Amino acid sequence: MEKYLDTYIARMRTHYPRFPAQTAHEIASAFLAFKFGLYENAVRECAHAISLVPDSPTNAALKKALAIVQANAEDRNNSKVTPDLSIAFSGEERMFVPINLPAEKIEDPGTLELDNALILIYVVALITSPDDEEMLEEHRRMIVRMLSDYKKAMGME
């Protein structure tokens, strides 16, 4: 799944070539806060990042990913661990997510949306925030594991 992630990163580079340093750092901070279980911080970081990311068709998917992580962080901060199903990627936004499965292969829609959101945010942060690149690279194995969980459903086994 390393190659799959590398291919996805390369594909996203064309869509997310750069953001101002502050915006890129906020995107990275949102990912890292959620990853470390700092859910209250993740809610704040996601909200701030959403406000900094300019509106565009491409950025709509990133904003949706941040909103999905924000909703899940809020739930977890309130001790609700079931993935939030109230926010999901639209059909147009799905072209930017790493894991696209036919409906019959989706076992847990909430977890899939959250995983797609986290991976998209991670990749955009990795691409756009050179200051956070080293810290983000430390979490690459987690992203590869997340992708591996869907390997069979994606027909890659």
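The side chains of Arg-94 and Glu-113 form a salt bridge in this predicted model, with an N to O distance of 2.6 Å. A salt bridge is taken here as a side-chain nitrogen of Lys or Arg within 4 Å of a carboxyl oxygen of Asp or Glu. Arg-94 lies in the loop between helix H4 (57-77) and helix H5 (109-128), whereas Glu-113 belongs to helix H5, so the bridge ties together parts that are 19 residues apart in sequence. Helices are DSSP runs of H or I with at least four residues, strands are runs of E with at least two, and both are numbered from the N terminus. Arg-94 is partly exposed at 25% relative accessibility, while Glu-113 is buried at 7%. Buried stands for under 20% relative accessible area, exposed for over 50%, and partly exposed for values in between (1.4 Å probe, protein chains only).

Residues are numbered from 1 along each chain as its sequence is written. In this predicted model, local features need pLDDT of at least 70 and side-chain atom pairs count only at pLDDT 80 or more, while totals for chains, interfaces and linings use all residues; side-chain values use heavy atoms, with hydrogens and water left out.

Across the whole structure, seven salt bridges are found. One of them joins Glu-2 to Arg-140, with 2.8 Å between the closest N and O atoms. This pair links distant parts of the chain, since Glu-2 is in helix H1 (residues 2-15) and Arg-140 is in helix H7 (residues 140-148), 138 residues apart. Glu-2 is partly exposed, with 39% relative accessibility, and Arg-140 is buried, with 13%. Another salt bridge connects Glu-40 and Arg-44, whose closest N and O atoms are 4.0 Å apart. Both residues are in helix H3 (residues 39-52), and because they are four residues apart, about one helical turn separates them. Arg-44 is partly exposed at 48% relative accessibility.

Patches consist of residues with over 30% relative accessible area and no salt bridge, like charges being joined within 9 Å and nonpolar side chains (Val, Leu, Ile, Met, Phe, Trp, Tyr) within 5 Å. Accessible areas come from the Shrake-Rupley method with a 1.4 Å probe, and for residues only the protein chains shown count as cover. A patch of negative charge on the surface is formed by Glu-133, Glu-134, Glu-137 and Glu-138. For charges, Lys and Arg count as positive and Asp and Glu as negative, with His and the chain ends not counted. Glu-137 is located in helix H6 (residues 133-137) and is partly exposed, at 34% relative accessible area. Phe-36, Leu-38 and Met-135 make a nonpolar surface patch of about 280 Å². Met-135 is also in helix H6 and is partly exposed at 37% relative accessibility.

The protein contains seven helices and zero strands, and its pattern along the sequence is α-α-α-α-α-α-α. The radius of gyration is 14 Å, close to the 15 Å given by the globule rule for 157 residues, so the protein is as compact as a globular protein of that length. This radius is taken over C-alpha atoms, and the globule rule is 2.2 Å times the number of residues to the power 0.38. The C-alpha trace spans about 40 × 35 × 30 Å along its principal axes. Of the 157 residues, 50% are buried.

Terms used: Charge placed at Lys NZ, Arg CZ, Asp CG, Glu CD.
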